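Visitor: Hi, I'm new to this one. Can you walk me through it?
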Amino acid sequence: MANLVRAKISALGTYVPPRLLTNADLEKMVETSNEWILERTGIRQRHIVDKGVATSHLAVEASKKALAERGISATDVEAIFLGTVTPDMMFPATACLVQDKLGAKGAWGFDISAACSGFVYALQTGAKFVESGAHKKVLVIGADVMSSIIDYTDRATCVIFGDGAGAVLIEPADNGNCLIDFIHEVDGSGGCSLNMPAGGSLNPASHETLDKKMHYVHQDGQAVFKYAVRKMAEVSEKVLQRNGFTGKDVNLFVPHQANKRIIMSSADRLGLKEDRIIINIDEYGNTTAGTIPLALDSARQQGRLKKGDLVLIASVGAGFTVGAALLRWAY
Ligand code: UT7
């Protein structure tokens, strides 16, 4: 059924902490090499927070930029949906902390735990509240401080992740430059392939969980890789097809930045050449829920995101969670 009201992204802001962790730095910390990291992942550096800086801080900075771009104040925001797997604390939700720090007095909100698909899940949630007529100004945020849950003695995971955040404002659209369609999937059988086993109700924090390093990211890299390669392309093809498009119509493919090889293989299957793909994993690493808004911002800075462009977003994350969004850039 066609929606009576369509929703659009009307502003975008991003933030990464200034401190860099380069491949050369990692060479001094674990048995790895710049060559291995570049060849296997495409990453050159990541941004990492200083002690005491949390996900809400990055989210607030990104949100302030989005609001400034649109020229509105925080009190105009009606709802905040924030994708993250590294909340400041177990509760309250980081969305509540952001609401307070931003001064978004009238806004309600919650966190969405969908790992690397967190931003796309939050984007659809925001879009639906606008399309239903419930809200006219929704802030959608993807933010993670992955360095807070990484074991910097584990070379298999510490080279991949970085910290970062992005925020977009969702408002009603008055023409076809809008959020067109979404597809989301979950395959919970993949939960064991990528997780942080302790700190929740199953394995509450104890000396034993600390000794066993259960408060860090655990990943079966190859299992995640295989699933991501298959699903990123599958869900992208599906959302294009059901809206009457093919890869040829896509002006910009904005994939989750987990591994350059995953991105290139998905793009290849969609028939997309490098000039229509945004890859900034070299600069930021995998910032989990932050990658897609950061990639949109990179595209914009490179002059590769114009009003009316057909943009395809795709993500795969821990869960497994899968997301795709199709939109026409609105400004
Ligand atoms: O965003 C959420 C989802 N996450 C992902 O999408 C991640 C998906 N997975 C991946 O990106 C890749 O699997 C990794 C980058 C994590 C690993 O790359 P890989 O090509 O799958 O490597 P591998 O795990 O098969 O390991 C190959 C070799 C192993 O050595 P042996 O057993 O062949 O001697 C590893 O021990 O590479 C070794 N290795 C490393 N060597 C140098 C693993 N990590 C490193 C490292 N530096 N950092």
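This is a predicted model: local features need pLDDT of at least 70, side-chain atom pairs count only at pLDDT 80 or more; totals for chains, interfaces and linings use all residues.

Visitor: Which residues belong to domain 1 and domain 2?
Guide: The assignment for the protein chain gives 6-173 to domain 1 and 179-328 to domain 2. In the contact between them (heavy atoms within 4.5 Å), 52 residues come from domain 1 and 45 residues from domain 2.

Visitor: How many salt bridges cross the interface of domain 1 and domain 2?
Guide: The rule finds two. A salt bridge needs a side-chain nitrogen of Lys or Arg within 4 Å of a carboxyl oxygen of Asp or Glu. K213 and D151 make a salt bridge through their side chains, at 3.3 Å from N to O.

Visitor: And how many residue pairs are in polar contact between domain 1 and domain 2?
Guide: 24 residue pairs, both residues at pLDDT 80 or more. A polar contact is a pair of N or O atoms within 3.5 Å; within protein, one must be able to donate a hydrogen and the other to accept it, and residues adjacent in sequence count only if both atoms are side-chain atoms.

Visitor: Which elements give two or more residues to the side of domain 1 that touches domain 2?
Guide: Among them are strand 1 (6-15), helix 2 (34-41) and helix 5 (118-131). Helix 5 gives the largest share of that side, nine residues. Helices (H or I, at least four residues) and strands (E, at least two) are DSSP runs, numbered from the N terminus.

Visitor: Changing topic, which residues come nearest to the ligand?
Guide: Of the 22 residues around the ligand, T32, R40, Q222, N259 and N286 come nearest. Being near takes a heavy atom within 4 Å.

Visitor: What distances do the side chains of R40 and Q222 give?
Guide: An N or O atom in the R40 side chain is 2.8 Å from a ligand oxygen. For the side chain of Q222, the distance to a ligand oxygen is 2.4 Å. W36 also has a side-chain N or O atom 3.4 Å from an oxygen of the ligand.

Visitor: Where are the cis peptide bonds?
Guide: One runs from F91 to P92, with omega near 0°, and P92 sits in the loop between strand 4 (79-83) and helix 4 (94-102). Another joins G319 and F320, with omega about -5°. F320 is in the loop between strand 12 (310-317) and strand 13 (321-328).

Visitor: What about A115, is its phi positive or negative?
Guide: Positive, near 55°, in a residue other than glycine. A115 lies in the loop between strand 5 (108-112) and helix 5.

How values were computed. Residues are numbered from 1 along each chain as its sequence is written. Side-chain values use heavy atoms; hydrogens and water are left out. Domain bounds come from an automatic or database domain assignment.
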